[in-house]
Amino acid sequence: MRIGVMGGTFDPIHLGHLRAAEEIYWAFGLDHIIFVPAARPPHKTDHDVAAPIHRYEMVSLATVFTPYFSVSPIEINRPGRSYSVETLRELLTLCGPETHLWFIMGVDTFLEMSTWKEVKEILRLAQVVVTARPGWRLDEVEETLTPQQRRQLGNPQFKYLKIAEVTPDLSRRGLVPGLVLLVEVVSLDISSTEIRQLVEEGRSIRFLVPDTVAAYMSKNRLYQERQEAAREGVQGSLLGGWEE
Ligand code: ATP
Ligand code: MG
């Protein structure tokens, strides 16, 4: 079995994540892609992340109609921080020794990867596939890394490919340790940060996230703190005026 693994905070999941996964699935002829929402992402400290159960539910709703996509609670069920190396090991144990894992991530994530726990082991356990993302040059990844970062990654080889250049031969071969595939996909200029901001400002997020996800966010009032604070402010001032 050839299984893609796509980790992330998914706060919330959006069409950029889904499109990148879709392209890699078809290009490499994978059997399945598992989305793995992180419990406590070690690298996100700049904002309050929505509760894991909400992020899990949203990934579920976003993937439910796609038979070859699924979501795993493996990281949110594990106590402590989310480390990819532990997730890959656990997935390999669960799926069996015949499984090849394809660890899919955007280029922004890959550029931070040298600091991750047991990063060389990650590159040994799974075929790392780095996908394009607007704002980053995929063809310049190798030059962007500092010598120290390259060393931390175990001096991997890089192969830069357009999606149409992924040959059956390349896609069918097993894991090549120490090889990082840089794959130019149709990347959508969408981020979870932008979506949270749009919701905070009470603006439309339609066609950026699946409708089911938008409905879930609205029903559970996710990311609406600023809107609510503004409403309370207005109510407060109205009441203040009335009480006087
Ligand atoms: P945030 O803005 O909160 O960081 P995000 O949009 O970057 O959210 P993450 O959950 O951080 O989403 O990303 C999960 C994975 O998906 C990462 O590997 C990231 O690089 C990749 N990714 C995110 N957005 C896109 C996109 N628009 N196109 C391709 N890959 C993406
Ligand atoms: Mg991100």
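**A helix pair and its surroundings**

Modeller: Start with helix α2, residues 52-63, and helix α10, residues 211-219: their axes come within 8 Å and cross at roughly 150°. This is a predicted model. An angle over 145 degrees counts as roughly antiparallel. Therefore α2 and α10 are roughly antiparallel to each other. The crossing of α2 past α10 is right-handed.

Now look at the residues that meet. From α2 come I53, H54, E57, M58, L61 and A62. From α10 come T212, V213, Y216 and M217. Sorted by class, this contact has 7 nonpolar, 2 polar and 1 charged residues.

The largest nonpolar core has 42 residues. M217 is among the members that touch the most others, together with I13, F28, I33 and F35. Helix α1 gives the most, with 6 residues. As a rule, nonpolar side chains in soluble globular proteins tend to be buried together.

Go back to α2 and find T63, which lies in that helix. T63 has a relative accessible area of 3%. Buried means under 20%, so T63 is buried. Set aside its neighbours within four places in sequence, and T63 is in contact with L18, F35, F69 and S70.

For contrast, turn to D169 in helix α8, residues 168-172. Its relative accessibility is 60%. The cut-off for exposed is over 50%, so D169 counts as exposed. D169 and F28 are 141 residues apart along the chain, yet their C-alpha atoms are separated by 9.6 Å.

Last, step back to the whole chain. Its secondary structure comes to 11 helices and 7 strands. Of its 244 residues, 46% are buried. Take the contacts with a separation of 6 or more: 73% of them are between residues 24 or more positions apart.

Conventions: Residues are numbered from 1 along each chain as its sequence is written. Chains are lettered from A and ligands numbered from 1 in the order in which they are written. This is a predicted model: local features need pLDDT of at least 70, side-chain atom pairs count only at pLDDT 80 or more; totals for chains, interfaces and linings use all residues. Side-chain values use heavy atoms; hydrogens and water are left out. Axes are lines fitted to C-alpha atoms, for helices over the stretch in contact, and angles run from 0 to 180 degrees between N-to-C directions. Helices (H or I, at least four residues) and strands (E, at least two) are DSSP runs, numbered from the N terminus. Angles under 35 degrees count as roughly parallel, over 145 as roughly antiparallel, 65 to 115 as roughly perpendicular and the rest as oblique. A crossing is left-handed if the near helix is turned anticlockwise from the far one by less than a right angle, and right-handed if clockwise. Contact means heavy atoms within 4.5 Å. Ala, Val, Leu, Ile, Met, Phe, Trp, Tyr, Cys and Pro count as nonpolar, Asp, Glu, Lys and Arg as charged, and the others, Gly among them, as polar. A nonpolar core is a set of buried Ala, Val, Leu, Ile, Met, Phe, Trp, Tyr and Cys residues joined through side-chain atoms within 4.5 Å. Buried means under 20% relative accessible area, exposed over 50%, partly exposed in between (1.4 Å probe, protein chains only).
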